[in-house]
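Look at the model below and follow it step by step.

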Amino acid sequence: MNWNKLTEAGQIQEIKTLSEEKPVLIFKHSTRCSISSMSLDRLLRKWQDSDTEKVIPYFLDLIASRDLSDLVAREFRVPHESPQVLLIRNGEAIYDNSHFGISYADLMGKI
């Protein structure tokens, strides 16, 4: 999977703008959490290259960018979780889930 790395606060506005044309997926991952690693692996095993035609994927490393993760939670009005996925459309979070609730089928069903 070819992730866009979410590393700077300015990218949040970019995500909002991009989401007006195509949904944006944000995966918030903790490299210190085995559940986060399992959730990420479950998503990656099902991900197809053609999915990037439907959704723009962003990856946020929570350990490296905790303040940015908190900003994402505030900007999109979702409580912080780890791991967590958000689906952004027209500048707003239309779906979020965490831990073992993260499901490829659910995400793709929302697009």
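A polar contact is a pair of N or O atoms within 3.5 Å; within protein, one must be able to donate a hydrogen and the other to accept it, and residues adjacent in sequence count only if both atoms are side-chain atoms. The side chains of Ser 98 and His 99 make such a polar contact, at 3.2 Å. This is a predicted model, where local features need pLDDT of at least 70 and side-chain atom pairs count only at pLDDT 80 or more, while totals for chains, interfaces and linings use all residues. Residues are numbered from 1 along each chain as its sequence is written, and side-chain values use heavy atoms, with hydrogens and water left out.

Stay with Ser 98. Ser 98 belongs to strand 5, residues 92-98. Helices (H or I, at least four residues) and strands (E, at least two) are DSSP runs, numbered from the N terminus. Is Ser 98 buried or exposed? Buried means under 20% relative accessible area, exposed over 50%, and partly exposed in between (1.4 Å probe, protein chains only). Ser 98 has a relative accessible area of 14%, so Ser 98 is buried. Which residues does Ser 98 touch, leaving aside its neighbours within four places in sequence? Its contacts (heavy atoms within 4.5 Å) are Glu 81, Pro 83 and Gln 84.

Now widen the view to the sheet. Strands of a sheet pair through backbone hydrogen bonds, either parallel or antiparallel. Two strands count as paired if DSSP finds at least two bridges between them. Strand 4 (residues 84-89) runs antiparallel to strand 5, and six bridges join them. Arg 89 stands opposite Glu 92 in strand 5. These two strands form a hairpin with two residues between them. Asn 90, in the turn, has a positive phi of about 55°.

The open sheet has five strands in the order 1-3-2-4-5, with mixed pairing. Strands 1 and 5 stand at the edges with a single partner strand each, so one side of each has no neighbour in the sheet. Strand 2 and strand 3 pair in the parallel sense over six bridges. Phe 27 has Phe 59 in strand 3 as its bridge partner.

Those two residues return in the aromatic pairs. Rings of Phe, Tyr and Trp (its six-membered ring) pair if their centres lie within 6.5 Å; planes under 30 degrees apart count as stacked, over 60 as edge-to-face and the rest as tilted. The structure holds four aromatic pairs. In one of them, Trp 3 and Phe 27 have ring centres 6.1 Å apart and planes at 55°, so the pair is tilted. Trp 3 lies in the segment before strand 1 (4-5) and Phe 27 in strand 2 (residues 24-29), so this pair ties together parts 24 residues apart in sequence. Trp 3 also forms a tilted pair with Phe 59, at 5.5 Å centre to centre and 55° between the planes. Phe 59 lies in strand 3 (residues 56-61) and Trp 3 in the segment before strand 1, so this pair ties together parts 56 residues apart in sequence. Trp 3, Phe 27 and Phe 59 form one aromatic cluster. Trp 3 is buried at 16% relative accessibility, Phe 27 at 0% and Phe 59 at 12%.
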